Amino acid sequence: MEKEDTKLMKLEKMDKDDYPEELREQGAAALLLSCLLHTRLSCKTALALDKVKSNILGGGKRNRNSNSSRSRPRVSPTQNLGAAVRRSHFDDQQGEDNSNAAARNLPEEPPIRSLEAALRLIENYVPHEVPSIPGLNGIIGRCSKPFEKQLTESDLRDDQSRLSINKADAQKYLYPLLNEDENLAEGINVTAYDPNGKEFEMVFKIWVSKIHVLIGGWKAFFHEHRLRKDQDFVTLWMFRRLDTEKLCFVINWRRLPGVTTPIKRKRVRMNESMDQLTC
């Protein structure tokens, strides 16, 4: 007992850099594990941790006749667990998109394994007619129907700082809400809301008679939410506040990780106008 007390006293006097490597890994793993209780894990991370737990608690059943298992270096359970926890933080950063989607009342998107699956998700997406945003209940007046746009590289460039809107979408969904005294060439001051109800002051205007854009606070918006080109699809609503009649936007988005290239929309006429998705 005295020997153990002596060892503990020596460890307490050691500097941080003098700690044995194994103890430092154990300490790091312990700190990370203490945070996992309140951490939302992705499905992939949860399965990985469950597998590590089963290996540790179950003794890690192995095939004793396997030559490959004999040639592998022996790794302590603590090292296994520490590595799994460290991997979980990288997985959670990638998996935070699904948790953000849940916070925005959007369905979590499953992993996309083919372009055909991505196209089906795009075609079958039906957003709410009126956005449900904290703080906006009861003040949304006339509201446009929602439309979706895939973010491009130019949408997320700091030197441009604008969200481009397709001319056909602007004419179909946004023009009906404009007043006669509002001039797009000069620009219309609008307030854009993110899914949490945070306000971003922007300007809705038209460039070169055909390019409709949101500028101003768009740069702060896409930086704050870490939006990505090609993978992120923004949904836009435009409405007028009942109390002030001010023109406003709601911008929501969803992430399709399997999409890595722009998807073009061709408009064709077959008795009535319809969108055809191609890549």
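Which strand is Ser-164 found in? Strand 3. Keep that residue in mind; we will come back to it. One caution before we go on: this is a predicted model.

Let's take the overview. The chain has 279 residues, and 36% of them count as buried. Its secondary structure comes to 8 helices and 10 strands. Now the contacts. Take those between residues at least 6 apart in sequence: 62% of them join residues at least 24 apart. And the outside? The accessible surface is about 18,300 Å². Carbon and sulfur atoms account for 50% of that surface.

Next, the inside. The largest nonpolar core has 30 residues. Which of its members touch the most other members? Phe-204, Leu-214 and Trp-218.

Look at Phe-204 for a moment. Leaving out residues up to four places away in sequence, Phe-204 touches residues including Ile-165, Leu-174, Val-190, Leu-214, Met-238 and Phe-249.

Buried or exposed? Its relative accessible area is 16%, so Ser-164 is buried, the cut-off being under 20%. Its side chain makes a polar contact of 3.4 Å with the side chain of Lys-149. Not counting residues up to four places away in sequence, Ser-164 touches Lys-149, Asp-155, His-212 and Val-213.

Here is another serine. Ser-144 sits in the loop between strand 1 (140–143) and strand 2 (147–150). Why does Ser-144 count as buried? Because its relative accessibility is 3%, and buried means under 20%. Its contacts, again not counting residues up to four places away in sequence, are Glu-129, Tyr-173, Leu-174, Leu-177, Trp-237 and Met-238.

Last stop: the surface. Trp-207, Val-208 and Ile-211 make a nonpolar patch there, of about 270 Å². Find Val-208 in the loop between strand 5 and strand 6 (211–216). Val-208 has 70% relative accessibility, so this residue counts as exposed; the cut-off for that word is over 50%.

To recap. Ser-164 and Lys-149 are joined by a side-chain polar contact. Ser-144 is buried in its loop. Val-208 is exposed, and belongs to the nonpolar patch.

How values were computed:
Residues numbered from 1 in each chain as written. Predicted model: local features only at pLDDT ≥ 70, side-chain atom pairs only at ≥ 80, totals over all residues. Heavy atoms only, no water. Core = buried A, V, L, I, M, F, W, Y, C linked by side-chain atoms within 4.5 Å. Buried < 20%, exposed > 50% of the residue type's maximum accessible area, 1.4 Å probe, protein only. Contact = heavy atoms within 4.5 Å. Patch = residues over 30% accessible without salt bridge, like charges linked within 9 Å, V, L, I, M, F, W, Y side chains within 5 Å. Areas by Shrake-Rupley, 256 points an atom, 1.4 Å probe, with all protein chains shown as cover. Salt bridge = Lys/Arg side-chain N within 4 Å of Asp/Glu carboxyl O. Helix = DSSP H or I, 4+ residues; strand = E, 2+ residues; numbered from the N terminus. Polar contact = N/O pair within 3.5 Å; in protein donor to acceptor, adjacent residues only side chain to side chain.
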